[in-house]
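I opened this structure for the first time today. These are my notes, in the order I looked things up.

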Amino acid sequence: MSPKRIPSNTKGVVKEGNSGNVHSSRNKNITKLTNIVMGTEAQGEINVSTQKTNNNNQPRAETSATGVTKQYKPKRNTEQRRPAKFTLDKFLVPIPKQIKKIFTPQKKQNITHSQESEGLGETEQIKATPIAKAPRVITPQTKKKTKCYHPTIRMDYSNEQEASTNGYQSRILTREELQETAKRINKEKEMGDFFGHNLAQIDNLSVFRCILQNPNGINPRLRNLNFQLGLKTCYESCAAVIGLTETNVEWNHYTERENMHQSLKKYWDATSLQVSTSAIRFQQRYKPGGTLSAICGGHWVSRIIEKGTDNSSLGRWTYQGLQGKKPNKVMPILFYRVCQQQLETAGEKTAWKQQYRILQKLFPKEEIDPRRQGVLDLQNFIARKQSEGWDIILLTDGNENLSKPGSWCPMPIQDTPHVFCKEHDGSLCTLIKTCGLVDILAMHHPSSQYPATYARGRNRIDGIFVSPRLVASALRSGMSPFYSFFVGDHRMLYVDFDANLLFGEATHSIVRSIGRGLQLKDPRKVDTYNGNKYRQLEYHKVISKLEKLADLDNSKWQKKHVERYEKLDNKVVEISLYAEKSISRRYSTQYQWSLTMVQVVYAMRFWKLRLKQAKGNKVKQDTLLNHQRLSNLPAASLQSMSMESILAAYKQAIKVMYSHQARHEELRKTYLEELAEAQVFKQYPNLRTEGASDFKSQQIERQINNLNNRENAKRMYYKIGKLLNGEHGGSVSRIDVPDEAYLESPTGEPYGDPKDAKTWKGQWRPVTDPVELEKIIIDMNRKQYNQAENTPFGSGPLADLFGPDGTEPFVQDFIAGKAVVPAGIYNVLQPETQRILDALQKPSNYKIPEIPDITPEQYAARYKALDERTSSSISGLHIGHHKASAEHPDLAWLHSTMMSIPFRKKISPKRWRNYDIARLV
């Protein structure tokens, strides 16, 4: 509180040189106007003057002896007459604009009426040292509440209320207070800035992005929009690894893990989730501590060969191992270290106390420190994994200053979950140095003081550290502002890796098998598909443009012609997919599908759109035309109609739709009869004549029976699936594996090797536990994707000669016929391998033969012999498209010409070079 002011008889007059203070007072609805002035005798001192005004903010009037009222005109002070010799800008330090509320409100002393009558012009004086220049000096006005714009002064001026105690008393900050305030403002400014590299847009196939953050608790339910927004941000940032520490969730509850799985499925095609928490079970969902690591994206998930948690049931870390091209193996490890606490003060539910109880039960004679023990156990685990050839990516919330140097303290590797070492100081920095991990952030952005990663801390307690081999693949690293990803009191840290260098090979997306909208069992749909496709090709003039490219001489073929071909190829694929979509079936699990059902639904939608259009809503004419065509309504329905007529037609369409839904089984039977007739006419075109009625009836009846048998089998398999899987989706829920409990028959005859399911003859046991299922699938994938390891080109002297990629200089000379495999290696190879080598090697004068053009007849004959279910291009142009186009002469010429041009012009279209890997499990 400011010193008590000394009353004075002087009213509205500044006594320069006297003591004063920046102040304001309130009493009896009278406002005192405070002016800041600098006198000639001040010598760096701040003087303040006040003058009284009435309630109308007008100066008081004076009455002369003659009774004439003369308006009082206040004298101008020094500030108003001329610029002061020393102004406020010589005394106050300008600091950033972020300082807004830097004063603690102080209650103002009440001034009695007698004190006010004596006058308040005389003020106290505060010494101030000239230190810097301020922007300007503000003279506050009366009546209206005014704020001083200088960053170190706050003044409140308002009409005073009698006996008010809610006022503020302004004061000048000391130098120490200014410095502390500036530090706080600089920290607030840092909280809203990136540190390091900004989060750049990346290609999620070529960049492996790791994200670390402590969200201080999550709620993985789908209805929690706050957490869903954080996941969406990670998805848009193309995160490959998401590491969340201190999730505060009881992951032992199945519902919480299932909620997390459902949340991840909302954004990624495939994810691998690994969570950890202590073995102490909580009844409620909130449980302090825990970690969550997720590998996001099918192309990364397919590389996982190992995963797990802290096997000591303490919930301290999780890990997932990804296999690259041998010998590259990368293992992201997520570690959460509990905060520093004492046994006497730690809460019963804290993560520190949970780990203490478990460790105390295991080692009752040891002095237990969960923080120290976590570092020792993790160092032993990392050293063991490094000895197995793993490269480590450590993502950690260490709850200690990770910028300080650590000491060197190696320990013997033990195959136990807990280790003890008296020489170890228990610091995470010592673990990092001993394991040879590199601080990526410090390497990319050397600094003596890093921003705090904890909102209420001063140090960097979160970090990402990697093995030395991974340093060359690290592209970017940085910290995001607080609250930018998940709402929490920690920053988000990230590191981007070059995936090609990280895994030693390119990564390809994983494509799920999709349903074929175009199926050739209905000839009527095939004709509709070809008609829609041909009309679109004519509309876009694709056929005429292709004729010009095909007639162009090879000598005149240039880069611009290649670009035109690529555009035509993309347009043909786009039109083919559009034609397929136009005839695709819309399935319903409640009503059986039939063409009549589809038409009545489109009729109802058509009249609903007409009604919206009549009410003034915008409806595209193309949309109306499409619905009119699909509903098989007459063209007159598009004409202008009154609102009453449209409404009546809409109500009638709804009644017709409900009536058709009630007899959907009958409509399905009618559809199958029409389908059988169409299939017979396609197989026997001469049966369309009236003379072959008996044979036609027999063939149609036979085809109907086949279709009915197919329908019954489909229903039966659907019911079996529902009974076996219940409400589960299409994911794997059960696997039968050889039962190793019974290796021999009762007669002593062995059943075979239980690890070889193909030769096993014994009993089988079902596996439904998700954790065991995942382990079995990983083992199957490891065996499946490493089948070439023991082949001649996978290992052995021939593999060393050709190299892992076939890019050794010897390979090019061998293919060109300039080098041969040494006799010592060639002679010990199997005859099949020798024939492969002979076929690969060509004479030096070998020329590639000319490939003739593909004719429409050859195109049609070849594709008619293929099964329409055969897998083909990832663009969506499956075999069914070509089989349907083979029945149309113009479409057959189009596709055969598109296939011949690349061989004729010696070009490689982009679509031909684009390949992918299908998900097998």
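This is a predicted model: local features need pLDDT of at least 70, side-chain atom pairs count only at pLDDT 80 or more; totals for chains, interfaces and linings use all residues.

**Entry 1: strand β13**

I began with β13, residues 317-323. Seven of its seven residues are buried, so the rest of the structure largely encloses this strand. I checked each face in turn. Trp 317, Tyr 319, Gly 321 and Gln 323 lie on one side, and Thr 318, Gln 320 and Leu 322 on the other; both faces are covered.

Next I looked up its partners. β12, residues 304-309, pairs with β13 in the antiparallel sense over five bridges. There I found Ile 304 opposite Leu 322. β14 also pairs with β13, antiparallel and over five bridges. Here Trp 317 stands opposite Phe 335. β13 and β14 make a hairpin, with five residues between them.

**Entry 2: the seven-stranded sheet**

I traced an open sheet with mixed pairing, in the order β7-β18-β19-β8-β9-β11-β10. Which strands stand at the edges? They are β7 (195-196) and β10 (271-276); each has a single partner strand, so one side of each has no neighbour in the sheet. β7 meets β18 in the antiparallel sense over two bridges. Phe 195 has Met 479 of β18 as its bridge partner.

**Entry 3: the cores**

I turned to the largest nonpolar core, which has 30 residues. Phe 208, Trp 300, Ile 393, Phe 497 and Phe 503 touch the most other members. Among the elements giving two or more residues to this core are β8 (207-213), β15 (391-397), α10 (440-444) and α11 (499-503). Another core lies apart from it, with 23 residues that include Ile 218, Ile 242, Met 260 and Leu 292.

Leaving aside neighbours within four places in sequence, its contacts include Phe 208, Cys 210, Met 331, Phe 465 and Phe 497.

**Entry 4: Val 471**

I found Val 471 in the loop between β17 and β18. With neighbours within four places set aside, Val 471 is in contact with Val 438, Ile 440, Met 443 and Val 466. Met 443 is 28 residues away along the chain, yet the two C-alpha atoms are separated by 9.1 Å.

**Entry 5: helix α15**

I checked the length of α15, residues 595-614. At 1.5 Å a residue, its 20 residues should span 28 Å; the end C-alpha atoms are 29 Å apart, which agrees. Its buried residues include Met 597, Tyr 602, Phe 606, Trp 607 and Arg 610. What covers the buried residues includes α16 (621-631), α17 (643-662) and α18 (664-683). After the helix comes Gly 616, with a positive phi near 105°.

**Entry 6: salt bridges**

How many salt bridges are there? I have 28 on the count. In one of them, the closest N and O atoms of Glu 256 and Arg 285 are 3.5 Å apart. Glu 256 is in helix α5 and Arg 285 in the loop between β10 and β11, 29 residues apart, so I noted this pair as a link between distant parts of the chain. Glu 256 is buried at 3%, while Arg 285 is partly exposed at 23%.

Asp 522 and Arg 524 meet at 3.1 Å, N to O. Asp 522 is buried at 4%, and Arg 524 is partly exposed at 29%.

Definitions and conventions:
Residues are numbered from 1 along each chain as its sequence is written. Side-chain values use heavy atoms; hydrogens and water are left out. A nonpolar core is a set of buried Ala, Val, Leu, Ile, Met, Phe, Trp, Tyr and Cys residues joined through side-chain atoms within 4.5 Å. Buried means under 20% relative accessible area, exposed over 50%, partly exposed in between (1.4 Å probe, protein chains only). Helices (H or I, at least four residues) and strands (E, at least two) are DSSP runs, numbered from the N terminus. Contact means heavy atoms within 4.5 Å. Two strands pair if DSSP finds at least two bridges between them. The expected span of a helix is 1.5 Å times one less than its number of residues. A salt bridge is a side-chain nitrogen of Lys or Arg within 4 Å of a carboxyl oxygen of Asp or Glu.
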